[in-house]
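Dear colleague,

Here is the structure I said I would pass on. My notes on it follow below.

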Amino acid sequence: MYLVVTSVMYGVNRVIDADFAPASFEIGALDASYATIIGGLIVVLVGLFRVLAGRVDIARAAALATYDAAVKQHATEVERVEVDSIVHDSVLASLLAADRALTPKSEALAVMMARVAIEQLEGVGAPMTNEDEVTGLAELIERLRAAASMLGEPFSVTVEGASGRVLPVTVANAVYWATVQAMVNSVEHAGSAVARSLSIEGTVSGGVCVIVGDDGVGFCPEQVAEERLGLKVSIVERVAAVGGRSTVISRPGEGAVIRIEWSPEHGS
């Protein structure tokens, strides 16, 4: 309406300026038509931009909603893995180890697992760790050495490339607990008179690689029951939650090797 009224007024003004000369009516009509055409183009462009802006807003809102749902789903999955790990590592495994503690070595293992359980349960209500907080790889190594010494079975520990390396605290904790669970599994299931090893290496990319191995009875990873959470949840899913990767290599009668890896380019 504004466009039409303005164009008509412009045409009338042209006629009035020409003192109502006979040719002024034709000039006024043409000028009014030109004004209508130019104004119409402007109106069309403004309308088009408004429509496109509205579509962009709708797409942005949909993307934000999808992202919000994905973040919530990821947080729920991480929490589920953490809770499952705590339930398995801290409660069931400790109680089962205590129930089967019939020898000094098994008693020492049960004591160690109880201490681990207490540490984990005490950290359940603690504030969340800042993702930017880092810790030294050397500190992680000392923690793993201490854990290995408490298991009642000897582990030969080798370290390489640890000097000056740092890791995010969340990654260090995940690698620590996954490695402890791997060592506990070895002590519990690999058998007696078994050579066990723990290898910790700082990688060139700034990550870490931990290998827990033994030459015990071994097992078939594909045949592990779903309800056995020690391997699936406490190791594989726990490491995957921080962007790492776990590899299990084992065959019946040929021992077992669990490889835990994390690197910045995969974990970021």
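Contact here means heavy atoms within 4.5 Å. This is a predicted model, in which local features need pLDDT of at least 70 and side-chain atom pairs count only at pLDDT 80 or more, while totals for chains, interfaces and linings use all residues. Residues are numbered from 1 along each chain as its sequence is written, and side-chain values use heavy atoms, with hydrogens and water left out.

Overall layout

The protein chain has 7 helices and 7 strands; these are DSSP runs numbered from the N terminus, helices being H or I of at least four residues and strands E of at least two. Their order from the N terminus is α-α-α-β-α-β-β-α-β-β-α-β-β-α. Of the 268 residues in the protein chain, 34% are buried. Buried means under 20% relative accessible area, exposed means over 50%, and partly exposed is in between (1.4 Å probe, protein chains only). Taking contacts in the protein chain between residues at least 6 apart in sequence, 72% join residues at least 24 apart.

The core

In soluble globular proteins, nonpolar side chains tend to be buried together. A nonpolar core is taken here as a set of buried Ala, Val, Leu, Ile, Met, Phe, Trp, Tyr and Cys residues joined through side-chain atoms within 4.5 Å. The largest such core in this model has 40 residues, and those with the most contacts inside it are Leu151, Phe155, Val180, Met183, Leu198, Val208 and Ile260. At least two residues of this core come from each of α3 (104-122), α4 (137-149), α5 (169-189), β4 (196-202), β5 (208-214), α6 (229-240) and β7 (256-262). The element that gives the most is α5, with 11 residues.

Leu198 shows what such a position touches. Leaving aside neighbours within four places in sequence, Leu198 is in contact with Leu144, Phe155, Ser156, Val157, Thr158, Thr179, Met183, Val210, Ile211 and Val212.

Two further buried positions

Ala172 is in helix α5 and counts as buried at 1% relative accessibility. Not counting residues up to four places away in sequence, Ala172 touches Thr135 and Leu140. The C-alpha atoms of Ala172 and Val242 are separated by 9.5 Å, the two residues being 70 apart along the chain.

Ser263 lies in the loop between β7 and α7 (264-267). Ser263 is buried too, with a relative accessible area of 10%, and is in contact with Ser205 and Gly207 once neighbours within four places in sequence are set aside.

Salt bridges

Side chains of opposite charge can pair when their charged atoms come close. The rule used for a salt bridge is a side-chain nitrogen of Lys or Arg within 4 Å of a carboxyl oxygen of Asp or Glu, and by this rule the count comes to 5.

One of them joins the side chains of Asp31 and Arg14, at 2.6 Å from N to O. Asp31 lies in helix α2 (residues 22-99) and Arg14 in helix α1 (residues 2-17), so this pair ties together parts that are 17 residues apart in sequence. Asp31 counts as buried at 15% relative accessibility, whereas Arg14, at 35%, counts as partly exposed.

Glu261 forms a salt bridge with Arg245, with the closest N and O atoms 3.1 Å apart. This pair links distant parts of the chain, since Glu261 is in strand β7 and Arg245 in strand β6 (residues 245-250), 16 residues apart. Arg245 is exposed, with a relative accessible area of 52%. Glu261 also meets Arg259 in a salt bridge (3.3 Å, N to O), and Arg259 is partly exposed at 33%. Through shared partners, Arg245, Arg259 and Glu261 form one network.

Rings and cysteines

The structure holds 1 aromatic pair. Rings of Phe, Tyr and Trp (its six-membered ring) pair if their centres lie within 6.5 Å; planes under 30 degrees apart count as stacked, over 60 as edge-to-face and the rest as tilted. The pair is Tyr176 and Trp177, edge-to-face at 4.9 Å centre to centre and 70° between the planes. Tyr176 and Trp177 are both buried.

There are 0 disulfides, a disulfide being a pair of cysteine sulfur atoms within 2.5 Å. Cys209 is buried at 4% relative accessibility, and Cys220 is partly exposed at 24%.

Regards
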